[in-house]
Amino acid sequence: MFTLPNLLSISRVLLTPVFVVLTIQGKTWPAFWIFLVAGATDALDGFAARTLKKKSTLGLWLDPIGDKVLLTAAFVVLTIPALAQPTTLPLWLTVLCIGRDVAIALGAFIIMALRGVQTFKPGLIGKASTICQVFMIYIVLFLNATGRTHGALRWLFYLAAVLAAASFVQYLVRGINLLRRGPSRSAG
């Protein structure tokens with residue numbers, strides 16, 4: 001359990017409340033840096049697992065949980081105008097991205113219960129969606145720390161929305177296909 005990759009994933013979860021508190025307190029630069037460090041652990045845990053040959057079933061669960069905890073918290077606090085100034089995330093985007101994640105998680109639990117599938121490899125569109133969301137949050141946090149906003153950011157909001165919706169469709173199709181098959185042990 002206490003391998004370096006798993007510890008990195010756990011650290012992402014533990015850094016999330018620190019990020020939230022700093023954001024609530026209006027400490028924009030420290031919040032930016034904490035989110036940057038937490039986001040870096042996402043890249044490092046996968047790299048460490050491959051390099052050190054420490055891939056584990058627990059790690060396959062901790063990594064996406066760490067991602068979703070951090071991203072969900074960031075979406076929520078950056079959507080509340082009193083907490084995120086001068087740039088906030090639009091409510092529609094937050095609802096779309098968090099709703100997508102909740103729907104995918106519920107679908108995964110249903111598939112696990114009905115078909116015995118234990119792991120779900122992320123799709124290419126899903127990875128692109130997560131990268132876009134993280135990048136967008138970095139930019140929003142940076143703009144807030146510098147006290148600026150930028151009108152072109154709305155195009156990044158639209159891109160994040162399109163990727164989130166497309167990845168949902170990709171996961172939905174994969175989920176339906178898994179439900180049509182008999183019980184198995186993994187999904188690819």
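At what angle do helix H5 and helix H6 pack, and how far apart are their axes? In this predicted model, H5 (residues 124-146) and H6 (residues 153-180) pack at an angle of about 155 degrees, and their axes lie 8 Å apart. Angles over 145 degrees count as roughly antiparallel, so that is how H5 runs relative to H6. The crossing of H5 past H6 is left-handed. On the H5 side, the residues that meet H6 include Leu 124, Ile 125, Gly 126, Ala 128, Cys 132, Phe 135, Met 136, Ile 139 and Leu 143. Their partners in H6 include Leu 153, Leu 156, Phe 157, Leu 163, Ala 164, Gln 170 and Tyr 171. Sorted by class, the contact of H5 with H6 comes to 18 nonpolar residues, 5 polar ones and no charged ones.

H5 also packs against helix H2 (residues 28-51). Here the angle is about 160 degrees and the axes are 8 Å apart, which makes H2 roughly antiparallel to H5. This crossing, too, is left-handed. H2 brings Thr 28, Trp 29, Phe 32, Phe 35, Leu 36, Gly 39 and Ala 40 to the contact, while H5 supplies Val 134, Ile 137, Tyr 138, Leu 141, Phe 142, Asn 144, Ala 145 and Thr 146. The tally for H2 with H5 is 11 nonpolar, 4 polar and no charged residues.

Then there is helix H1 (residues 4-24), whose axis comes within 9 Å of that of H2, with the two crossing at roughly 165 degrees. H1 is therefore roughly antiparallel to H2. Once again the crossing is left-handed. Among the H1 residues that meet H2 are Leu 4, Pro 5, Leu 8, Arg 12, Leu 15, Val 18, Phe 19 and Leu 22. The H2 residues they meet include Pro 30, Ala 31, Ile 34, Val 37, Ala 38, Asp 42, Leu 44 and Asp 45. Charged residues do turn up in this one: the contact of H1 with H2 divides into 16 nonpolar, 4 polar and 3 charged residues.

Ala 40 is worth a quick stop on H2. Ala 40 is one of the H2 residues in the contact with H5, and at 34% relative accessibility it counts as partly exposed. Its C-alpha atom is separated by 8.9 Å from that of Arg 12, a residue 28 positions away along the chain. Arg 12 itself is among the H1 residues that meet H2.

Now for the aromatic side chains. The structure holds 9 aromatic pairs. One of them joins Trp 29 and Trp 33, with 6.4 Å from centre to centre and 25 degrees between the planes, and this pair is stacked. Both tryptophans sit in H2, 4 residues apart, or about one turn of the helix. Trp 29 is partly exposed, with a relative accessible area of 34%, and Trp 33 is also partly exposed, at 47%. The rings of Phe 32 and Trp 33 have centres 5.0 Å apart and planes at 75 degrees, so this pair is edge-to-face. Together with Phe 142, the residues Trp 29, Phe 32 and Trp 33 make up one aromatic cluster.

Terms used:
Residues numbered from 1 in each chain as written. Predicted model: local features only at pLDDT ≥ 70, side-chain atom pairs only at ≥ 80, totals over all residues. Heavy atoms only, no water. Axes fitted to C-alpha atoms, helices over the stretch in contact; angles between N-to-C directions. Parallel < 35°, antiparallel > 145°, perpendicular 65-115°, else oblique. Left-handed = near helix turned anticlockwise from the far one by under 90°. Contact = heavy atoms within 4.5 Å. Nonpolar A, V, L, I, M, F, W, Y, C, P; charged D, E, K, R; others polar. Phe/Tyr/Trp six-rings, centres within 6.5 Å; stacked < 30°, edge-to-face > 60°. Buried < 20%, exposed > 50% of the residue type's maximum accessible area, 1.4 Å probe, protein only.
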